[in-house]
Structure formats: structure tokens, C-alpha cells
Amino acid sequence: SQLVEIEGADCHPFFAGDTRPILTEIKKFMAVGKEVKQSYRELATIMFTDIIDSTRKAAELGDQRWLEKLDAHNIIVRKLLSQYRGQEIETTGDGFLATFDGPARAIQSAKKIKEAVNSLGIQVRIGLHTGELEFKYGKPHGIALHLASRIMSVTNGSEICVSRTVKDLVIGSGLEFIDHGVHELKGVTDPWQIYTVGNI
């Protein structure tokens, strides 16, 4: 905080005289307080989901029926994100970007999403990575975000793929992983070991 002296003799500036100088100083003070929170870093598990063959399905069903199915998909995903303490960041047209405060919860949510949307005749692919994100005005940025997206892109059909980071962090959880091989991820210099989440 800072002491600011305003010229004038009014004792109650909000009820008499020119209030603009004091209101200007209050706004400056509040803006400074907000600036601290506008950018911060946070460790998170990032999830990207994507509906497989969404363009083909939309063409087969027509706009109205596809939008109804997409709405039903979105309701399911949001419910299961909330159930496992996931935070929806944004939708990507036919998928979601979300973050979790723990990798095991992210995997369990991903498995439930994959199973639940099957009832709609929809299959999804999901990529997960844990890393530090830079948040600016509530929106995440950084290489960890790109890694999660690239990991989703190497799935073979309806799979949940994770980085070795995620696998190592959930040792002892009882989750099963299958080696998906080492992949060169677009825009990333080093190759990455990827795993598929098992069915148990």
C-alpha cells in the first residue's frame, strides 16, 4: 500500500467536492493488485481430447443431428471433468483442453470419458502430459501444453496416451501402461517415450 495525499479540504470526498482524484488513485491501487495475479506458473496435468473422424460423422449425420450428438458429448465430458476435479480450459470444436491437479485423477477421468462417449457412437483419443504451465489472464501457455497435444496426435484410434512423466508420477497407483514406443513429436527437439493406458 502507499499513502497518497490529495489536495482539498473535504473530509468526506465521496459526498462532497471533486471525487475524481481519489477514485483515480483507488483504481491505480486495484490495478496493481490484479497485475500480480495476471501471470503465474503452475504444475498441472494437461489433457487434450479429440473425437475421431468427427468430420466424416458430421457429414453422415447432417448438421442438426451432429450438433445434438456433440452437445451430448460435451455434457458427458464436462460432468466427468468435474467429477475428477478437472478444470476445463477451452473446447477445441470437437474436443477439450483441461487441466488437473494430479495425473492419476486425469487418467481416471480420461478412462471414464472414453467409455461414456462410446454410448453415443463416438470414439475419442486422449493425450496426457504433466508439466509446468505459464498462466496469463487464466489461459495456459508453454511447451507442456504443446507436448500434451502432440502426444494425443500419436494415438492409434481410440486410445489414451501419456508421457513417461505421467507414467512415472503414478507408480504404485495400480494403473497399467503399454509401451507405445519412442516418438519424434512435431516441434519438440528430443524424442519422447509414450505409453498407452491399459484397460484395467
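Predicted model: local features only at pLDDT ≥ 70, side-chain atom pairs only at ≥ 80, totals over all residues.

Me: What percentage of the residues in the chain is buried?
Reply: The chain exposes about 12000 Å², and carbon and sulfur atoms supply 52% of that area. A residue counts as buried under 20% relative accessible area. Of the 200 residues in the chain, the buried share is 40%.

Me: Among contacts between residues at least 6 apart in sequence, what share joins residues at least 24 apart?
Reply: A contact here means heavy atoms within 4.5 Å. Of the contacts in the chain between residues at least 6 apart in sequence, those that join residues at least 24 apart make up 65%.

Me: Which strand is joined to E4 by 13 bridges?
Reply: E4 is mostly covered, with ten of its 13 residues buried. Strand E4 pairs with E6 in the parallel sense over three bridges, and with strand E5 (residues 139-141) in the antiparallel sense, also over three bridges. The partner joined to E4 by 13 bridges runs antiparallel to it and is E1.

Me: Which residue in E5 is the bridge partner of glutamate 134?
Reply: Glutamate 134 lies in E4, where it is the bridge partner of arginine 41. Its bridge partner in E5 is histidine 141.

Me: Which two residues form the aromatic pair, and how many residues apart are they?
Reply: The count of aromatic pairs comes to one. Tyrosine 40 and phenylalanine 135 form this pair, which is stacked, with 5.2 Å from centre to centre and 5° between the planes. The pair links distant parts of the chain, since tyrosine 40 belongs to strand E1 (residues 39-51) and phenylalanine 135 to strand E4 (residues 124-136), a separation of 95 residues.

Me: Is phenylalanine 135 buried or exposed?
Reply: Tyrosine 40 has a relative accessible area of 36% and is therefore partly exposed. For phenylalanine 135 the relative accessible area is 4%, so this residue is buried.

Me: Which strand does E8 join by six bridges?
Reply: Strand E8 (residues 192-197) is mostly covered, as five of its six residues are buried. E8 pairs with strand E6 (residues 160-163) in the antiparallel sense over three bridges, and serine 163 stands opposite isoleucine 194 there. The strand that is joined to E8 by six bridges, again antiparallel, is E7 (residues 177-183).

Me: Which residue lies over the face of tyrosine 195?
Reply: Tyrosine 195 belongs to E8 and is the bridge partner of aspartate 179. At 5.0 Å from the centre of its ring, the residue over the face of tyrosine 195 is lysine 167.

Me: Which residue takes a positive phi in the hairpin of E2 and E3?
Reply: Strand E2 (residues 87-91) and strand E3 (residues 96-100) run antiparallel and are joined by four bridges. Glutamate 88 has alanine 98 in E3 as its bridge partner. The hairpin has four residues between the strands, and the one with a positive phi, near 90°, is glycine 93.

Me: Where does arginine 85 lie, and is it buried or exposed?
Reply: Most residues other than glycine have a negative phi. Arginine 85 is not a glycine, yet it has a positive phi of about 60°. Its place is in the loop between helix H3 (63-83) and E2. With a relative accessible area of 51%, arginine 85 is exposed.

Me: What distance does helix H4 reach from its first C-alpha to its last?
Reply: Helix H4 (residues 103-117) has buried residues that include Pro103, Ile107, Lys111 and Val117. The helix has 15 residues, and its span is close to the length expected at 1.5 Å a residue; from first C-alpha to last it reaches 21 Å.

Conventions: Residues numbered from 1 in each chain as written. Heavy atoms only, no water. Buried < 20%, exposed > 50% of the residue type's maximum accessible area, 1.4 Å probe, protein only. Pairing = 2+ DSSP bridges. Phe/Tyr/Trp six-rings, centres within 6.5 Å; stacked < 30°, edge-to-face > 60°. Lys NZ or Arg CZ within 6 Å of the ring centre and 35° of its normal. Expected span 1.5 Å × (residues − 1). Areas by Shrake-Rupley, 256 points an atom, 1.4 Å probe, with all protein chains shown as cover.
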